[in-house]
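Thanks for coming. I have one chain to go through this morning, so please look at the screen.

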Amino acid sequence: MSGMTPEPENDQHLFRTLTATSWILLALLVGGGWLFGSQQFATGIACGGLLALGNTFWLKRSIKQAMGLEPRQAGRFAVARYVVRLAVLAGVLYLLIVKTGIDIIGLVIGLSVLVIVIIGFSLYRAARNGG
């Protein structure tokens, strides 16, 4: 991993901001799901959020590793990691839905946490910059 190029400071700050905000939103949604919904609903939100955030960290790690490789190797590496990551995510979702009977609406809400944060952040930046 010593061959990897360091991330620019702005990219690190943006990633930290998005993930920290995602963790906060996830906690609020799980708490709200527990208070106003049910334990099963809150569990669905928690599982979905953990999967989404775990997938994001795994993607970041894979991209950093690919960036340290030669271009020809990097493409194959990135595609292989993408397929493995997608298969693992699909397998976990299958187990959660079919075998545990998790609340699907809660799961979808949890899986959407990062997307909600990115949309909110984009709207905030657009409003702040007058666009």
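Thr56 is in contact with Phe15 and Leu114, leaving aside its neighbours within four places in sequence; contact here means heavy atoms within 4.5 Å. Thr56 sits in helix 2, and Thr56 is buried, with a relative accessible area of 16%. Buried means under 20% relative accessible area, exposed over 50%, and partly exposed in between, with a 1.4 Å probe and protein chains only.

Before I go on, this is a predicted model: local features need pLDDT of at least 70, side-chain atom pairs count only at pLDDT 80 or more, and totals for chains, interfaces and linings use all residues. Residues are numbered from 1 along each chain as its sequence is written, and side-chain values use heavy atoms, with hydrogens and water left out.

Now the chain as a whole. It has 5 helices and 0 strands, where helices (H or I, at least four residues) and strands (E, at least two) are DSSP runs, numbered from the N terminus. Of its 131 residues, 23% count as buried. The C-alpha atoms fill a box of roughly 50 × 45 × 25 Å, taken along the principal axes. Among contacts with a separation of 6 or more, 72% come from residues 24 or more positions apart.

Which residues of helix 4 are buried? They are Gly106, Leu107 and Gly110. These cover an arc of only 100 degrees around the axis, which puts them on the same side of helix 4; the arc is that of the directions from the helix axis to the C-beta atoms. The buried residues of helix 4 pack against helix 2, helix 3 (71-99) and helix 5.

Last, helix 5, residues 113-128. Val113, Leu114 and Val117 are buried there. Seen down the axis, the buried residues of helix 5 fall within an arc of 90 degrees, so they line one face of the helix. On the other side of helix 5, Leu123 and Ala127 are exposed. Gly130 follows helix 5, with a positive phi near 75 degrees.

Note on methods
The expected span of a helix is 1.5 Å times one less than its number of residues.
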